[in-house]
Protein chains: 2
Amino acid sequence: MDEIDPEVTSPPLHMTPDEFRRHGREIIDWIADYWERIESLPVASTTQPGDIRALLPAAAPEEPEPFENLLADLDRVIVPGVTHWQHPGWFAYFPANNSPPSVLADAVSSGLGLIGLLWAASPALTEVESHMLDWLVDLLDLPDHWKTTAGGGGVLQGSASDATHVALVAARHRAAERSTQPATQMVAYTSAQAHSSVEKGANVAGFGVVRLIETDESHAMRPDALASAVQADLGAGLVPAFVGSTVGTTGTTAVDPVRATAEIAIEHQLWHHVDAAYAGTAMICPEFRHHQDGIELVDSYVFNPHKWMMVNFDCSAFYVAEKAALTDALSIDPPYLRNTQSDAGNVIDYRNWQVPLGRRFRALKLWWVLRSYGASGIRQMVRHHVAMAQELAQRLSEDSRFEIVAPHPFSLVCFRCRAADASPAAHDAADSATDAIAAAVNDSGLAYLTPSKLDGRSIIRVAVGQSRTDRSRMDMLWKLISEAAV
Amino acid sequence: MDEIDPEVTSPPLHMTPDEFRRHGREIIDWIADYWERIESLPVASTTQPGDIRALLPAAAPEEPEPFENLLADLDRVIVPGVTHWQHPGWFAYFPANNSPPSVLADAVSSGLGLIGLLWAASPALTEVESHMLDWLVDLLDLPDHWKTTAGGGGVLQGSASDATHVALVAARHRAAERSTQPATQMVAYTSAQAHSSVEKGANVAGFGVVRLIETDESHAMRPDALASAVQADLGAGLVPAFVGSTVGTTGTTAVDPVRATAEIAIEHQLWHHVDAAYAGTAMICPEFRHHQDGIELVDSYVFNPHKWMMVNFDCSAFYVAEKAALTDALSIDPPYLRNTQSDAGNVIDYRNWQVPLGRRFRALKLWWVLRSYGASGIRQMVRHHVAMAQELAQRLSEDSRFEIVAPHPFSLVCFRCRAADASPAAHDAADSATDAIAAAVNDSGLAYLTPSKLDGRSIIRVAVGQSRTDRSRMDMLWKLISEAAV
């Protein structure tokens with residue numbers, strides 16, 4: 001035992017309540033000011049590598065610093081190094097649109113400081129989460145048997161990547177029950193257009209083979225190609241174990257045929273996971289639900305309220321059709337976590353639904369967003385974004401300089417400059433012209449979009465979904481694109 | 001393409017700035033009030049399963065609800081279902097002690113709403129994180145080569161479980177480079193007293209064998225037993241790939257011999273990961289550093305600022321000695337994430353250091369806590385908690401009704417009722433008496449501790465570390481224990 005000075009007394013660890021109230025108001029005002037002036041800031045930071053670190057002292061302070069210094073450094077150090085995801089000109093990647101009630105709920109969550117490792121560790125954290133995930137089943141018309149009150153259930157994960165990874169672990173666990181082959185002989189299938197998280201999750205989970213299945217002209221996975229690949233792998237003595245289909249791929253929001261894929265998955269006992277990370281929110285509107293026809297046949301599903309539902313990161317909704325299939329793969333029961341309610345089996349311990357043990361109260365922000373906007377408000381937001389994206393697509397399609405390179409069923413539009421002819425040289429020139437438009441738009445500071453590649457050719461992704469984006473910003477974007485095009 | 005109504009316009013999605021300022025102040029006040037009245041609340045919720053859900057409507061609202069309803073439901077629905085981790089009577093599990101500046105920083109992070117998937121996606125997020133992790137290397141006297149400016153580096157993960165899991169994945173990846181055996185033939189070693197996250201992480205990563213190594217009388221891993229197990233597994237044709245040692249186990253804060261374990265790990269090419277989730281914070285005080293003698297020889301290390309450093313969850317600091325060993329195991333490069341700075345290799349893309357792609361600005365709260373308290377303030381807090389724990393141990397050791405069951409080098413004290421004699425019946429009676437004390441203390445609402453098992457016998461863990469805990473609460477706890485004992 002180390003020598004302890006018994007005279008050590010409590011340090012002045014806390015701001016007094018009055019100081020917290022005062023500084024808290026300063027922070028609320030800072031956030032409100034930030035949102036009010038965000039349009040005046042360039043969307044993307046022009047910081048060079050190392051610029052921000054150069055502003056920071058080499059070592060932590062030995063003595064306390066006043067709060068005023070912290071606040072001042074938000075503007076001095078942080079804001080210049082920020083690429084503003086909440087800017088109305090955000091068209092990059094996918095959105096991560098937060099909202100005032102979500103931010104306030106998250107502050108309450110931080111203030112409560114709960115860790116929901118078990119139901120007993122804070123019952124409200126678990127029960128509100130289960131309830132919100134059940135609400136979403138109804139709102140998005142997901143299968144009833146995914147409700148926590150039925151055989152399946154939902155859980156909030158940190159990200160779609162985390163959810164997809166645990167789906168892969170559950171798939172591996174299920175396959176190991178019917179095969180003595182190691183994971184290195186197991187195969188995970190997904191489309192060549194699927195998000196990298198499927199391949200990454202499969203690597204992390206130790207799958208030996210990941211097959212990226214050919215897509216059709218709409219960039220959707222071809223079920224016939226999937227079926228052939230499964231047959232070939234079975235013939236080679238491998239163990240087909242998992243298929244990931246996507247409703248709204250990251251590349252182009254392509255929609256894989258869920259029902260046809262499910263039929264193959266069921267025939268060959270593949271775990272079928274659906275990644276609807278972005279597009280899942282759209283299912284709150286009935287007119288989009290045909291895109292996930294067959295969803296009642298799949299094993300797991302993920303969508304991110306933190307992308308397009310105005311809930312700030314992190315909040316990823318993950319569902320399984322059979323909860324035991326997940327918890328069998330992830331449960332460990334040490335003595336310091338045993339408790340009456342868990343032993344009785346009449347509560348959900350979400351630690352057995354995820355890799356981490358600890359978890360914060362993420363459902364609070366989902367609850368507040370759903371109540372603040374109501375289902376009607378979220379529907380209206382989705383339709384507004386989709387309408388603006390379709391209007392952009394209309395402008396692009398009416399201008400002979402551009403071509404739209406993929407279907408655009410939601411609010412992502414992918415386009416490129418049209419090649420003058422079919423020659424490689426003309427396509428190379430179109431690539432350069434496309435890249436130049438992306439650079440010009442991004443350099444403007446008024447909008448920020450993602451240059452990408454499709455079938456080896458340069459494209460531009462315009463993801464409409466920032467909650468502050470309006471038609472005036474869409475007009476501005478169109479003007480930037482149009483003026484930068486040759 | 002779905003039919004879109006071009007007349008759809010932006011919904012009233014945002015509180016006006018004035019409304020956000022007003023409701024934000026209400027939230028700040030609510031949090032301040034909560035902290036001020038927390039002592040008047042029973043530490044643990046007495047909610048029964050289903051009680052909270054019964055208070056919630058069966059379906060989400062179709063129309064928006066006013067903010068006042070949300071605020072009112074915090075007190076009506078949430079607080080009764082909360083077990084108060086920020087209560088000064090919190091002695092359960094380990095603490096998760098938040099602090100006012102941490103909560104305010106986290107609110108800023110939510111308001112900024114950044115997703116740091118790449119350096120380019122918000123340079124400040126990545127650079128402040130790297131810088132804070134380098135600050136901590138100096139503050140905790142960790143090896144210099146773990147700095148991001150050297151060959152190693154630190155990253156913030158969501159939890160120690162996540163960090164341990166990726167360490168296991170990196171270990172598996174490294175072992176696969178020298179062996180053709182699948183992961184099912186790989187062995188992960190850790191002590192029988194290690195946290196369940198090691199066994200869980202190994203299962204999730206697909207390790208075929210997890211060996212829980214015998215501990216000595218201090219509950220520390222026995223290096224001779226580890227060496228024997230490795231030899232036996234090598235003889236059996238298995239692939240020893242990972243060893244996890246712990247500085248401050250969850251059960252009793254036992255300290256595994258890091259240097260002796262490292263020597264075995266190096267000899268047999270095991271990835272050596274150190275879990276100092278709780279105790280790591282103590283290393284800010286030089287007098288505790290001898291407990292991790294040999295740390296410069298290990299491959300990875302995790303400690304949780306969200307446990308004992310007043311940074312609210314989630315904030316887990318994970319270090320690797322060689323960054324390429326981690327990123328080789330976790331990198332995937334899709335076209336929509338390619339960018340100039342990443343391609344040039346002169347920035348850190350933390351997505352390649354973790355399973356998820358997205359990540360929030362967690363370093364902000366670490367920065368604010370380090371500056372608000374200074375190193376001296378955190379040292380003072382640690383010493384204060386350790387002193388109070390040692391004083392409790394002193395009281396227990398001077399009372400013949402109790403026995404302390406494990407060394408208590410930090411601020412966790414484990415004890416049980418002393419058996420009247422060495423007979424099993426006497427030990428059974430002591431178990432019951434111990435369980436009764438735990439129940440009485442927890443039922444009091446004044447303190448909350450964790451009943452657990454050690455060597456098959458009931459014990460009580462008292463984890464001192466809540467930032468609001470003071471000597472008056474320790475006196476109250478001692479009175480409760482003493483009065484409940486027979």
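The legends below describe close-up views of a predicted model. Local features need pLDDT of at least 70 and side-chain atom pairs count only at pLDDT 80 or more, while totals for chains, interfaces and linings use all residues. Residues are numbered from 1 along each chain as its sequence is written, and chains are lettered from A and ligands numbered from 1 in the order in which they are written.

**View 1. The two domains of chain A.** Chain A is divided into domain 1 (114-360) and domain 2 (370-484); such bounds come from an automatic or database domain assignment. Taken over C-alpha atoms, the domain centres are 30 Å apart. In the contact, 19 residues of domain 1 meet 18 residues of domain 2, where contact means that C-beta atoms, placed from the backbone, lie within 7 Å. The domain 1 side has 11 nonpolar, 8 polar and no charged residues. Here Ala, Val, Leu, Ile, Met, Phe, Trp, Tyr, Cys and Pro count as nonpolar, Asp, Glu, Lys and Arg as charged, and the others, Gly among them, as polar.

**View 2. The contact between chains A and B.** Chain A gives 138 residues to this contact and chain B gives 140. Helix α12 of chain A supplies the largest share of the chain A side, 17 residues. Helices (H or I, at least four residues) and strands (E, at least two) are DSSP runs, numbered from the N terminus. By class, the chain A side has 68 nonpolar, 44 polar and 26 charged residues. The copies meet through the same surface, because 100% of the interface residues of chain A are also interface residues in chain B.

**View 3. A:Thr450 in strand β11.** A:Thr450 is found in strand β11 of chain A. Is A:Thr450 buried or exposed? A:Thr450 is buried, with 23 other C-beta atoms within 10 Å; 20 or more make a residue buried, 12 or fewer exposed, and counts in between partly exposed, with C-beta atoms placed from the backbone. Not counting residues up to four places away in sequence, A:Thr450 touches A:Ala92, A:Tyr93, A:Arg461 and B:Tyr336.

**View 4. Helices α5 and α10 of chain A.** The axes of α5(A) and α10(A) (residues 323-330) come within 9 Å and cross at roughly 90 degrees. Axes are lines fitted to C-alpha atoms, for helices over the stretch in contact, and angles run from 0 to 180 degrees between N-to-C directions. The two helices are therefore roughly perpendicular to each other, a term for angles of 65 to 115 degrees. Residues making the contact include A:Val166 and A:His173 of α5(A) and A:Leu326 and A:Asp328 of α10(A).

Terms used: Contact = placed C-beta atoms within 7 Å. Parallel < 35°, antiparallel > 145°, perpendicular 65-115°, else oblique.
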